[in-house]
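Grab a pencil and have the 3D viewer ready. Let's work through a few exercises together, one step at a time.

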Amino acid sequence: MADRKPKVIGFVCERHGMEAAVLSARSGKQHDASVRLVEVPCTGRVDGIHLLKAFEDGADAVFVFGCLEKNCYYDTGSIEGRKRVGYVKQMLEEAGIEKERLEMFNAASSNAWMFPKAVEKMVEVAKKLGPIEKGGDGQ
Amino acid sequence: MIVAKRKPLAEIVEMVRPYKKVTVVGCRSCVAICLAGGEKEVKMLVSALRLRAKKDGRKQEFEGFVVERQCEKEWVKEVEEKLLDSDLTLSMACSLGAQTIGDMYPSHLTFPGLNTGMFGVPEEQGVWSEKCVGCGNCIIHTTGGICPIARCAKSMLNGPCGGSANRKCEVNLEVDCAWAAIYDRLKLQNRLDLIEPITPAKDWSTSHAGGRRTYVREDAKLTPHQKKGKEALK
């Protein structure tokens, strides 16, 4: 348990979100390698069940990374994404699970600094809260 | 349609806590349309319950699926095996669905996952409002197509009352006065004369006041001979 790596899943939109992540990598910024990214066409495509399933399959923390709300490639996709994240956060809280485990971030493709910041925050949350499973290792 | 709302998750968690194997059954009819108990909601609830059991270190199994219409025995019968294979069925249909399963399998536990609220209509995406209380004696042809029983906070038959101001209800200033709306509608239809006669007190015997209601359509009922034939086909 002591050297257990945190499990963080990020749903990243293929437009501004992924472009910001790629720009971040090209600028030489590094992020925790234990973070796994799932590229989605738009954060509006991310459904509540995808987020819950990620937790169910062992994620300690999950984040959604998409375009800025007023600059979304698909106009309202990141607004939909934010609403779903909000709904699932509420469900987690009602179920007695820390809602901080799930977050939404928005960035423009030029905001290279935003991606490592989001990853860092979620890795910190994952380390602090550990696996959801009581006494388990998140498997 | 029947509009329902998921019970708070904490309440559901407590309800299902003692049972090892729980089946969550949704319905593809009204509760799917009002986003309370359709396929997606069932999947999300199952996932959240699994997470909570995991967090508590409890060994619990959850399975979820939906039936076409949970208030009809024929559809429930199709999933009988799966239902009875569990310790508890959590119904994500309206109370009618939960009671149908309960009546069909009385020794099997069936708990409600939703709070059944009202007969309502979708006003806009994500918003439903009550428009009928099922009183059993519809009068909306005299009120411009607007039900004062459901839409007036006092269910007044002769309105508006003194609490109506600026087309809003005194009970809640966010709510439109049903009688102001009735007046507008009758005026639009050039039938304002209908608002003047005094409507006598309502006969509530057609509503729930007369006890549980059963409607029968004799020509649709099966004769004993037809029932026998249908049974033979099974």
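This is a predicted model: local features need pLDDT of at least 70, side-chain atom pairs count only at pLDDT 80 or more; totals for chains, interfaces and linings use all residues.

**Exercise 1. Decide whether Leu102(A) is buried or exposed, and find what it touches.**

Step 1: Locate the residue. Leu102(A) lies in strand E4 of chain A, residues 102-106.

Step 2: Count its surroundings. There are 25 other C-beta atoms within 10 Å of Leu102(A). The cut-off for a buried residue is 20 or more, so Leu102(A) is buried.

Step 3: List the contacts. Leaving out residues up to four places away in sequence, Leu102(A) touches Leu51(A), Val62(A), Val85(A), Val88(A), Lys89(A) and Leu92(A).

Step 4: Check one distance. Phe63(A) is 39 residues apart from Leu102(A) along the chain, yet their C-alpha atoms are separated by 5.5 Å.

**Exercise 2. Work out how helices H1(A) and H4(A) are oriented to each other.**

Step 1: Find the helices. H1(A) covers residues 16-26 and H4(A) covers residues 114-129.

Step 2: Use the angle. Their axes come within 8 Å and cross at roughly 95°. Angles of 65 to 115 degrees count as roughly perpendicular, and H1(A) and H4(A) are therefore roughly perpendicular to each other.

Step 3: See who meets whom. Ala20(A), Ala21(A) and Ser24(A) in H1(A) meet Met114(A), Phe115(A) and Pro116(A) in H4(A). The residues of this contact divide into 5 nonpolar, 1 polar and no charged.

**Exercise 3. Say which elements chain A uses to touch chain B.**

Step 1: Get the totals. 15 residues of chain A are in contact with 16 residues of chain B.

Step 2: Name the elements. Helix H2 (48-56) and helix H3 (77-94) of chain A each give two or more residues to this side, and the largest share, 6 residues, comes from H2(A).

Step 3: Sort by type. The chain A side that touches chain B divides into 7 nonpolar, 3 polar and 5 charged residues.

**Exercise 4. Trace how strands pair in chain B.**

Step 1: Take the open sheet of 3 strands. Its order is E1-E6-E7, with antiparallel pairing.

Step 2: Spot the edges. E1 (2-6) and E7 (127-132) of chain B each have a single partner strand, so one side of each is left without a neighbour in the sheet.

Step 3: Zoom in on one pair. E1(B) pairs with E6(B), residues 114-124, over 5 bridges, and Arg6(B) has Leu114(B) as its bridge partner.

Step 4: Move to parallel strands. E2(B) and E4(B) run parallel, joined by 4 bridges, with Val25(B) opposite Ser91(B). E4(B) is also joined to E5(B) by 4 bridges, again parallel, and there the bridge partner of Ser91(B) is Pro112(B).

Key:
Residues are numbered from 1 along each chain as its sequence is written. Chains are lettered from A and ligands numbered from 1 in the order in which they are written. Axes are lines fitted to C-alpha atoms, for helices over the stretch in contact, and angles run from 0 to 180 degrees between N-to-C directions. Angles under 35 degrees count as roughly parallel, over 145 as roughly antiparallel, 65 to 115 as roughly perpendicular and the rest as oblique. Two residues are in contact if their C-beta atoms, placed from the backbone, lie within 7 Å. Ala, Val, Leu, Ile, Met, Phe, Trp, Tyr, Cys and Pro count as nonpolar, Asp, Glu, Lys and Arg as charged, and the others, Gly among them, as polar. Two strands pair if DSSP finds at least two bridges between them. A residue is buried if 20 or more other C-beta atoms lie within 10 Å of its own, exposed if 12 or fewer, and partly exposed in between; C-beta atoms are placed from the backbone.
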